[in-house]
Structure formats: C-alpha cells, structure tokens
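Please read the following questions and answers alongside the sequence and the coordinates, bearing in mind that the model is predicted.

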Amino acid sequence: MEKIQLGLLFGGRSCEHEVSVTSARSILSVIDQQRYDVHLIGIDKLGHWHLGNNIDALIDGKAVLPASSSASANDEASKEVSLSLYQKGNLTAVEQIAAPKLDVIFPVLHGTFGEDGTIQGVFETADIPYVGCGVAASALAMDKALAKQIFAAADIPQSPCQIHTRFDWQSDKAGVLSSIEQSLGSPLFIKPANLGSSVGISKAHDRNSLISAIELALEFDNKIVVESAMENCHEVECAVLGNQDPQASVVGEIIPGAEFYDYQTKYIDDKSKTMIPAQISEAAAEQVRELSLRAFKAIDGSGLARVDFFVNKDSGEVTLNEINTLPGFTPISMYPLLWQKSGIAYADLIDQLVDLAFERHRANAALKRSF
Ligand SMILES: Nc1ncnc2c1ncn2[C@@H]1O[C@H](COP(=O)(O)OP(=O)(O)O)[C@@H](O)[C@H]1O
Ligand SMILES: [Mg+2]
C-alpha cells in the first residue's frame, strides 16, 4: 500500500504557538510510520512557513525566524523559501503548499489563523483534504458571540450573556454598564469574542473591575461577550469524533487550581489538574455527551471538537461553555486522553482523524459545483 503523504502543520502566530509545537512533536512520535510519510510544516511566530523533516531544526529557537534567515546548509533550504506563504493575497503561494504533493494536512494549530477557519479556507481553495472542522464550523466556534447565537437556536443551555461592540461601549458606557448589571448580576465573566487560551478574559465582582475587564477585552477584539459567572460548578469537557455520525467520549473534568482556568493556570503554573471520568453523576455525564453532539452538529462540525461545560455541584444542571474545534493534542491534553479512556489509543485516533478528512473531502468532491 502506498504511504499517505501527510503534512503536519504546526506553530503559528497565535499565543498557543508552544502548545501547538508540543502537540506536533507528540503526533510525530506516535504516528504510524508504515502508513504515513510526514512532512513537517512549521509556522513561526511571524507567520512565516518552513518545510522540513527535522522538527528541531524547524522550531527549536528558530521557529521565530523568517524562512530566509533560518535556512540551514541542507537541501531543505530551497523548499523553506518556496513555502514562505505569508504575503497577503499571494495566491500562487497556495499552490506551493502542495509542493511536496501532500495527500492530507493535519493542522495542529490553535487559536487565531489556525482554528478560526482562515487556514481551512486556504486548504479548501487548494483542494487538499485536511483534518478537523471546515471553514464555517471553525469560524463559528472561534467567535464566542456567533456561537452563542447558534447554540441558543439549537436550544442548548448556556449562561445568561450579552454581546457588546466597541461602538456600543464608546457611545454609551453608562447604558452598557447598567444593562449588564441589571440583567446579568454579579460576578461576571468578560471575554473578547474571538480568542482562546483565556487571553483577555477576566472575572469581575464589581463595577470598577467590570469597567477594567471590558477595556481589557476590547484590546483584543471589537466585540465582547459578558456572561454571568457559573458558580459552584464542575468544569467538564467531552471529546467528539466523526463527520455525519459523530461519537462522544467519556467526560473529563478540569480542576483549575485558581479562581478560574486562566492563561497562567492553563500553561504556566501547572497547577490545574484533570480527572477522568469527571466527578459528576452518570445522568449529568449522559447529558453532557448528548449536548456535545448537539453543539457539534449545530455548528456543522466535522472531524473533531472538544466541548466544554459547567455542571452545578448541587443541582447537576449542565450549561455549555464553549466548543473548541482544534483542541490541544499533546499526550496530556484532554482530547486524546478522553478518547484513550473511551478505548481509542492516540495513534489510532490520528488514523481515524485522517480517514475522516478523506471521507469529507470525497463527499465534497462528489457534489455538483455547477450545472
Ligand atoms: N460564565 C462562566 N462562569 C464561570 N467560569 C467561567 C465562565 N466563563 C469562563 N469561565 C472560566 O474561564 C475559563 C476560560 O473561558 P473560556 O470561555 O473557556 O475561554 P477560552 O476560549 O479562552 O478557553 C473557563 O475555562 C472557565 O474556567
Ligand atoms: Mg475554554
């Protein structure tokens, strides 16, 4: 059987660059070398693309360098330059992604430009199968304000919330504040609409902290989401895998080790813990799984997603927090761990994701594009 030529795309311009590199490293270490030839494509923090076969040469301290200056004295140098895909509007560069004749791309990118539908659009334009959600699902999941509206239409319980724009805030601060306080109470969570990793998110307990939180969130986006805090809750996560007939995993729990699961606790302190299964009733876990599938279908998901919830410690009430279409993929990340506990080993998970990418591509290719 001919080997599958797989492009593993990692790094990226988002604040989750390092997580992505770790995910790529672990995928590379377990992927079935009999089935795949892996082509590494590292995107540095400036957005420059580098192609090569040695992950260390691509990233260790050099990932932040532009292609021209990281070119080492080997035969990969020319390819690195040809894959510099960072000039806006340079459509010929899209074809150059296919330079190594890739059969499929696995983008282990998180956040902006990786998880938000933009790179997925490049793959669609280049007609290359890719792992994970398509353009619309990725973009919807990334925009917390749009996602809220889709989930409300699908009757999925969420925390009470309001969406405000920079324009709303600048034109009537007092009005925005009183509307938030009257309908959402306190404490509150304030988030930029389009970001991840808890960046720009704060919890506010009073009017002053609410104002600072709004100002902070508006530094990261022109649109913000303000939510009532879900207190006294388990924070749980469920993994979804599939295209038309997706499956949901066992449910896991995050124990943040801080007031909430902020950037520091997620990536720096190592204080947060995960627990599988989550310490919730079987009925609540079943509801989490059902709602995960409903949320996945509501955004028209495909491939994979991790869906995050709050479960009230007393009532067992389940509230959706968010859906992530390219969740962390390191060996200690919740997504692969949840599938491991559900009976799918890490390497098999990669195979299934690649198969799903081909399946979706075939289904789309069979569609009539004109008449
Ligand atoms: N409404 C809420 N109530 C309680 N905690 C929340 C709420 N919204 C967010 N959080 C806390 O903040 C963290 C980050 O928020 P989240 O919406 O998941 O953003 P991100 O996309 O950055 O992960 C969550 O993991 C949770 O700990
Ligand atoms: Mg989150």
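Q: At about what angle does helix 8 run to strand 8?
A: Helix 8, covering residues 144-153, lies across strand 5, strand 6 and strand 8 of this predicted model. Its direction relative to strand 8, which spans residues 223-228, is given by an angle of about 55°.

Q: Which strands does helix 10 lie across?
A: Helix 10 is formed by residues 173-184, and relative to strand 5 it runs at about 170°. The strands that helix 10 lies across are strand 5, strand 6 and strand 8.

Q: What is the order of the four strands in the open sheet?
A: The pairing in this open sheet is antiparallel, and its edges are strand 5 (161-165) and strand 7 (202-204), each of which pairs on one side only. Neighbouring strands of the sheet are turned against each other by 25° on average, direction ignored. Read across the sheet, the four strands follow the order 5-8-6-7.

Q: Which residue in strand 7 is the bridge partner of Ile-190?
A: Strand 6, made up of residues 188-192, pairs with strand 7 in the antiparallel sense over three bridges. In strand 7, the partner of Ile-190 is Ser-202.

Q: Is His-50 buried or exposed?
A: His-50 has its place in strand 3, residues 49-52, and its C-alpha atom is separated by 9.6 Å from that of Leu-9, 41 residues apart along the chain. Because 27 other C-beta atoms lie within 10 Å, and 20 or more are required by the cut-off, His-50 is buried.

Conventions:
Residues are numbered from 1 along each chain as its sequence is written. Chains are lettered from A and ligands numbered from 1 in the order in which they are written. This is a predicted model: local features need pLDDT of at least 70, side-chain atom pairs count only at pLDDT 80 or more; totals for chains, interfaces and linings use all residues. Helices (H or I, at least four residues) and strands (E, at least two) are DSSP runs, numbered from the N terminus. A residue is buried if 20 or more other C-beta atoms lie within 10 Å of its own, exposed if 12 or fewer, and partly exposed in between; C-beta atoms are placed from the backbone. Two strands pair if DSSP finds at least two bridges between them. Axes are lines fitted to C-alpha atoms, for helices over the stretch in contact, and angles run from 0 to 180 degrees between N-to-C directions. Two residues are in contact if their C-beta atoms, placed from the backbone, lie within 7 Å.
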